[in-house]
Structure formats: C-alpha cells, structure tokens
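Please look over the model shown here before reading the points. The note is meant for someone who has not seen it before.

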Amino acid sequence: MSKAGLEHYLGEHPFFRGMRPKDLAWLAELAEPLALEVGDYLYREGDESKDFYLIQEGLVRLEIHTPGRGELVIQTLGPGEVLGWSVMLPETRKTFDARIFQATRLLAFDAAAVRKRSEEDHPFGYELCKRFSRVIGERLQATRLRLLDLYGQPH
C-alpha cells in the first residue's frame, strides 16, 4: 500500500478517524507492516512496550498465565482493533501475551517516536491519549468479565 493509500486507510479507521490530516500523514510515514503466522507471539507479558499495533487481517489473542490453569485467553482481537496501549507511558512493560491465533497482518507504530511527537505536539498527544483510554477501558472490562467467568462461581 502506498503512503497516500495508507494515510487514507488510517483516516477511515475508527481508531484514527477525525485526526488532523497532518497527524495521519505522519502516522502513515511511521507505520511498518508486519505479517505473523499462527502460534507466533507479537509480544510477551513483561516485554518492553516498543510499538503499538493496528490489526489489518487475522486474529490475535491476549493471554495471561495463571498459576495452576495455564494460559487464559482474556480477549481475541480482530481486524480494525488496536493493541499495545501502554506505548504512551515510557519504560512500561506489556501486561499480556499477544499470540497469533489466525495468520495476521498488522501495522506497527514506534512507541518512542509517538511519545516524542506527543511531547512536542500536545493536541496530537492528547488525542492519542483519549483514544488509548477507550482501549484501556475495553481491556479492563474484558479482563473483569473473564475473571468473573473463572472465579465468580458459587462455592
């Protein structure tokens, strides 16, 4: 996809829709395409938060390891969804494993570059923080529901 095509794609995407054209152009320049196969890990819990990702095709499972139960799927994400919200905070670590459940194509956005631009251009940074806040809320709700499934059974 050309950079102009990518800029248009980002502008139509629900996560980025409504952002300033100059921000979409900058993000299109920053985006790096990735392709991963079933079973690959995009990242592991505890890894440094180096990028955030936009899923174009495929499925990614967010998992945590639970003692005595093994891997627990918190949420399965598909095309159009965003993962890696922790990039807005410096020196943070991933809080889930992200494992490829179906061959996946993604766009990766460098965290350090995004944080630097957010510091230099506060309207850009504020807009991204608002959008990532929604993602954080969705992850917390998915985690809450999953934990209720596991531990909410009557004694």
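1. The model is predicted: local features need pLDDT of at least 70, side-chain atom pairs count only at pLDDT 80 or more, and totals for chains, interfaces and linings use all residues. Residues are numbered from 1 along each chain as its sequence is written, and side-chain values use heavy atoms, without hydrogens and water.

2. Helix H3 (residues 111-120) packs against helix H4 (residues 122-151) at about 125°, the axes being 5 Å apart. The contact (heavy atoms within 4.5 Å) involves Val-114, Arg-117, Ser-118, Glu-119 and Glu-120 of H3, with His-122, Phe-124, Gly-125 and Leu-128 of H4.

3. Nine aromatic pairs are counted, a pair being rings of Phe, Tyr or Trp (its six-membered ring) with centres within 6.5 Å; planes under 30 degrees apart are stacked, over 60 edge-to-face, and the rest tilted. Phe-15 and Phe-52 make a tilted pair, 6.4 Å centre to centre with 55° between the planes. Phe-15 lies in the loop between helix H1 (3-12) and helix H2 (21-30), and Phe-52 in strand E3 (residues 51-66), 37 residues apart. Phe-15 is buried at 7% relative accessible area, as is Phe-52 at 0% (buried means under 20%, exposed over 50%, partly exposed in between; 1.4 Å probe, protein chains only).

4. Tyr-43 and Tyr-53 are stacked, at 6.1 Å centre to centre and 25° between the planes. Tyr-43 belongs to strand E2 (residues 41-43) and Tyr-53 to strand E3, ten residues apart.

5. Ring pairs join Phe-15, Phe-16, Phe-52, Phe-109 and Phe-132 into a cluster.

Methods
Axes are lines fitted to C-alpha atoms, for helices over the stretch in contact, and angles run from 0 to 180 degrees between N-to-C directions. Helices (H or I, at least four residues) and strands (E, at least two) are DSSP runs, numbered from the N terminus.
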